[in-house]
Amino acid sequence: MINTFNAVIEGSERLSSLADVDEVVKGLARLLKKIVRSRWIAVYFFDRERRDFAPARSYGLPPRFVPVFREMPLAPDKIPLLKGMLRKKQHLVLADPGSSELIPSHLRSLLANLTLLAVPMVARNQVIGAVFVARTRELPAFSQEEVAVIRDLVGHAALVVSHIQIFDESLDMALDLAGRIDVILTLDEINKAISSSLSRERIMETAIGQIERIIRCEFVSVLQSENEDLVVTASRAEELPVPPSFQAGTRLPRGRSAAWSARQSGKSTCIAYLAKSRNLGAADRTLLSAGVRSLLAVPLLAREAVTGVLLLGDTEAGKFAQQETFTIEKIASQMAVALENARLYEDMRTLFISTVASLANAIDAKSPWTKGHSERVMRISARIATEMGLPEETVERVRLGGLLHDIGKIGVIEAVLEKPAILSEDEFPPLRSHPEKGVAILSPIEQLRDVLPAILHHHERFDGSGYPHGLKGEEIPLSARIVAVADSFDAMVSERPYKKGFAIGEALAELRACAGSHFDPTVVEYFCRYVERTLGDALGGEAREAMRRVAGT
């Protein structure tokens with residue numbers, strides 16, 4: 001008995017050191033074989049999600065028994081005695097399983113020469129499984145002492161398994177929670193990024209990048225509704241080629257496809273196994289040929305209307321699980337709202353620019369010599385700002401400043417503007433007042449408040465000799481310094497009643513000659529390099545065509 005007690009203690013300690021359920025089953029089987037001379041054991045664990053016992057795990061079973069026990073369910077509800085054993089947490093001895101009604105008929109012949117002991121696995125007063133211990137009938141039946149030892153070992157194994165299950169469940173929960181937190185944080189990042197931008201390109205670039213990070217799919221495409229069509233606005237693939245029919249600007253062929261299904265139904269469409277799907281449409285067949293094996297199309301919904309489709313593909317079949325679909329739908333929802341806001345902003349901006357351009361054109365139209373001057377200055381100013389690497393917001397302010405720089409001339413009498421000769425000293429003061437008049441005209445418009453410095457100071461000179469305030473160097477707002485170069489360049493190359501226009505090369509030479517006195521040297525150099533790079537050997541060519549290229553028209 002002492003040897004048995006020591007074996008139980010040592011065996012229990014070994015079981016406690018295990019961290020895998022299968023290893024616990026093997027360890028328990030070895031202990032029972034050593035201590036009570038069992039032949040094999042079969043263990044059924046309770047599956048809490050299914051509310052049923054999982055297929056048996058066994059150790060020591062003859063090979064012909066293994067598939068039988070794996071396929072044989074443990075159904076306590078159909079066996080009252082077994083149900084009572086588990087409910088009361090008692091053991092059950094089957095001295096002759098070969099003739100027992102508790103055993104399915106097809107198993108009785110296999111168990112005819114065995115004695116079976118069924119012991120519930122109890123941990124924290126909960127039945128987590130059942131252990132069936134088999135011993136040959138050539139040996140005596142299980143004694144009370146042996147049953148007690150077996151119950152103790154099974155109970156200890158139950159605690160070890162319970163700890164492993166709790167740890168595994170906690171780890172799974174932690175990983176799942178970490179994944180959910182990552183998704184939430186990513187959604188928040190996407191929301192902040194796309195909500196802070198009114199650029200459709202930046203919105204799509206941000207969303208596509210984040211989708212690739214959290215879903216790790218091989219292909220992403222954004223399609224937007226235009227009238228009754230779906231037009232590809234952006235596509236990106238990691239290692240796969242982007243098919244020609246999914247290049248930006250392409251209209252997706254109508255017909256059966258995941259994208260069109262999502263567009264028409266307003267619901268997500270998933271094709272888990274493209275290669276097994278029949279009657280694929282042209283678009284989906286193209287992606288299959290490119291290596292895509294699973295597709296997910298999510299509608300972009302804004303104001304209860306489908307404004308486009310987010311299409312994801314992967315080289316792995318069955319890629320998109322329900323949780324991933326949920327995440328993508330949330331991203332698609334954010335994208336749809338952001339893209340719709342960007343579209344509305346672009347529409348408003350276009351209307352605003354058109355209105356403002358009409359004002360500028362009204363000034364230019366007062367004289368045939370200045371027709372188109374404001375728009376050319378606008379384009380050249382924006383190009384200089386872009387060349388200098390200024391932020392998008394600054395480029396926009398410079399663009400508007402260039403367009404509106406002469407708006408104050410609406411208050412200057414036409415005789416002065418159209419005079420076919422150089423102005424006299426008496427005629428200069430009214431003309432010099434046009435920057436201030438422009439600011440007075442536009443200052444009530446809140447959206448143009450940041451543009452006013454370019455309008456007010458575009459006639460200041462770098463050496464301080466300009467007007468209206470005689471600012472010097474970097475005291476002059478950068479936007480005004482840029483507009484000054486663009487304005488002067490256009491004036492130099494344009495025909496006037498009193499002068500012939502300069503050639504492009506001559507105008508650049510004049511700008512460089514006046515850099516540091518009239519103009520900011522840095523702005524001049526950026527502009528001159530841009531023109532020389534753009535025109536190359538055509539610097540001395542036909543002025544009108546050269547100006548179109550410089551202005552980007």
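Author: D168 is located in helix α6, which covers residues 144-195. Helices here are DSSP runs of H or I with at least four residues, strands are runs of E with at least two, and both are numbered from the N terminus. The model is predicted, so local features need pLDDT of at least 70 and side-chain atom pairs count only at pLDDT 80 or more, while totals for chains, interfaces and linings use all residues. Residues are numbered from 1 along each chain as its sequence is written, and side-chain values use heavy atoms, with hydrogens and water left out.

Reader: How accessible is D168?
Author: D168 counts as partly exposed because its relative accessibility is 34%. Buried means under 20% relative accessible area, exposed means over 50%, and partly exposed lies in between (1.4 Å probe, protein chains only).

Reader: Which residues of α7 are buried?
Author: Among them are I203, A207, I211 and I214. In general, an α-helix has 3.6 residues a turn, so residues three or four places apart point the same way.

Reader: What comes just after α7?
Author: R216 follows, with a positive phi of about 55°. Most residues other than glycine have a negative phi, and most peptide bonds are trans.

Reader: What is the phi of K89, and where does K89 lie?
Author: K89 is not a glycine, yet its phi is positive, about 60°. K89 sits in the loop between α4 (80-88) and β4 (92-94). With 26% relative accessibility, K89 counts as partly exposed.

Reader: And N227, is that residue buried or exposed?
Author: N227 is exposed, because its relative accessible area is 73%. Its phi is also positive, near 55°, and N227 belongs to the loop between β7 (219-226) and β8 (229-237).

Reader: Changing topic: which two residues does the cis peptide bond join?
Author: The cis bond joins Y467 and P468, with omega about 15°. P468 lies in the loop between α16 (452-456) and α17 (478-493).

Reader: Lastly, where is A118?
Author: A118 is in strand β5, residues 114-123. A118 counts as buried, at 4% relative accessibility. From A118 to M85 the C-alpha distance is 8.6 Å, although they are 33 residues apart in sequence.
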